[in-house]
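Thanks, everyone. Please bring up the sequence and the model, and follow along with me.

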Amino acid sequence: MSDTNVVLVLMAHPDDAEILCGGTLVRLAVLGWQIHIATAANGDCGSVELGRDEIAKVRHLEAMEAAAKVGGIYHCLGLSDVQVAYSPENICKTIDLFRQVNPTLVITHPRYDYMLDHEQTHLLARAASFAFAIPNASLLPLAQSATVPYLYYADPLEGHDPYTGQMVEPTTLIDISDVMPAKTEMLACHASQREWLRKHHGMDEYILAMQRHCAMRGQVCNSDFAEAFVQHHGHAYPQDDLLGRLLGTSNLTTRETVND
Ligand SMILES: [Zn+2]
């Protein structure tokens, strides 16, 4: 496999990647891409019964299992839930992770989201994606192919900007209808979270909420289920829509074409 086909998803918590872009990862895996799922935090506030260390261990195993469903590797920066911070120390940790993975494509949270762990993780991913290929940015070996990767932002929670209440307008929609069972299986690996919500709601809200969101995004491109992304177009980042090109969907053009 070419070492240029590597996707790194850096999200705040275990399960964010599966909820926000699991279907896209399944589709990239089918194309032969190497999948890396990383989280800034270890999920140690994700239980009302277990202590921090105990639930963090459970969630690490769940995240590994979910990543393995697409032949992927799970990494954790080891920060605590609700304490993710854009700090020099954490920027270095993130750059080191990027050095090891050497991604071509990075997916992270959007700039504005419902929770600050997500927003701080966004900053870490932006900093590391820009900097990891700079020789002096890390002491770890630098792959010859290292360069500024494609960068995409997944949806914020429920798809809306928390400051304006407006739905985020995607640059790229990926049809995941055919891989929804595989995405659901990935998310179901996070059994500790699923069971907690099932007890709390009396129904399988963990899975259902994910499916509702993908169905809502699917309406925009006339598919049953879709995942939405906004591509980062800052200086030095690749500008062409790699995800749309690889996975065959772009938003408004597709909708107009299908409706014709
Ligand atoms: Zn999260």
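Where does N222 lie? N222 sits in the loop between α7 and β7. A word on those names: helices (H or I, at least four residues) and strands (E, at least two) are DSSP runs, numbered from the N terminus.

Before going further, the ground rules. This is a predicted model, where local features need pLDDT of at least 70, side-chain atom pairs count only at pLDDT 80 or more, and totals for chains, interfaces and linings use all residues. Residues are numbered from 1 along each chain as its sequence is written.

Back to N222. N222 is not a glycine, yet its phi is positive, at about 55°.

A236 is another non-glycine with a positive phi, about 85°. A236 belongs to the loop between β7 and α8 (242–247). A236 is exposed, with 10 other C-beta atoms within 10 Å.

Helix α7 covers residues 205–220, which is 16 residues. From first C-alpha to last, α7 reaches 23 Å, close to the 22 Å expected at 1.5 Å a residue. That expected span is 1.5 Å times one less than the number of residues. The buried residues of α7 are Y206, M210, H213, C214, R217 and G218. They cover an arc of only 145° around the axis, so they sit on the same side of α7. The arc is that of the directions from the helix axis to the C-beta atoms. As a reminder, an α-helix has 3.6 residues a turn, so residues three or four places apart point the same way. The face of α7 turned away from the buried side carries exposed L208 and Q219.

What do the buried residues of α7 pack against? The partners are α1 (16–30), β6 (172–175), α5 (180–188), α6 (191–201) and β7 (226–231). Contact here means C-beta atoms, placed from the backbone, within 7 Å.

That brings us to the sheet. It is open, has seven strands and mixed pairing, and its order is β3-β2-β1-β4-β5-β7-β6. Strands pair if DSSP finds at least two bridges between them. β3 and β6 are at the edges with a single partner strand each, so one side of each has no neighbour in the sheet. The twist averages 25° from one strand to the next. β6 and β7 run antiparallel, joined by four bridges. T172 has F229 in β7 as its bridge partner.

Helix α2 (residues 52–68) touches β2 and β3, and its direction makes about 150° with that of β3. α4 lies across β1, β2, β4 (105–108) and β5 (150–154), at about 165° to β4. For these angles, axes are lines fitted to C-alpha atoms, for helices over the stretch in contact, and angles run from 0 to 180 degrees between N-to-C directions.

One more helix. α3, residues 88–101, has buried residues N90, T94, I95, L97, F98, R99 and V101. Their cover includes β1 (6–11), β2 (34–41), β3 (73–79) and α4 (116–131). After α3 comes N102, with a positive phi near 55°.

Finally, the whole chain. The protein chain has nine helices and seven strands. Buried residues make up 48% of its 260 residues.

Key: A residue is buried if 20 or more other C-beta atoms lie within 10 Å of its own, exposed if 12 or fewer, and partly exposed in between; C-beta atoms are placed from the backbone. Two residues are in contact if their C-beta atoms, placed from the backbone, lie within 7 Å.
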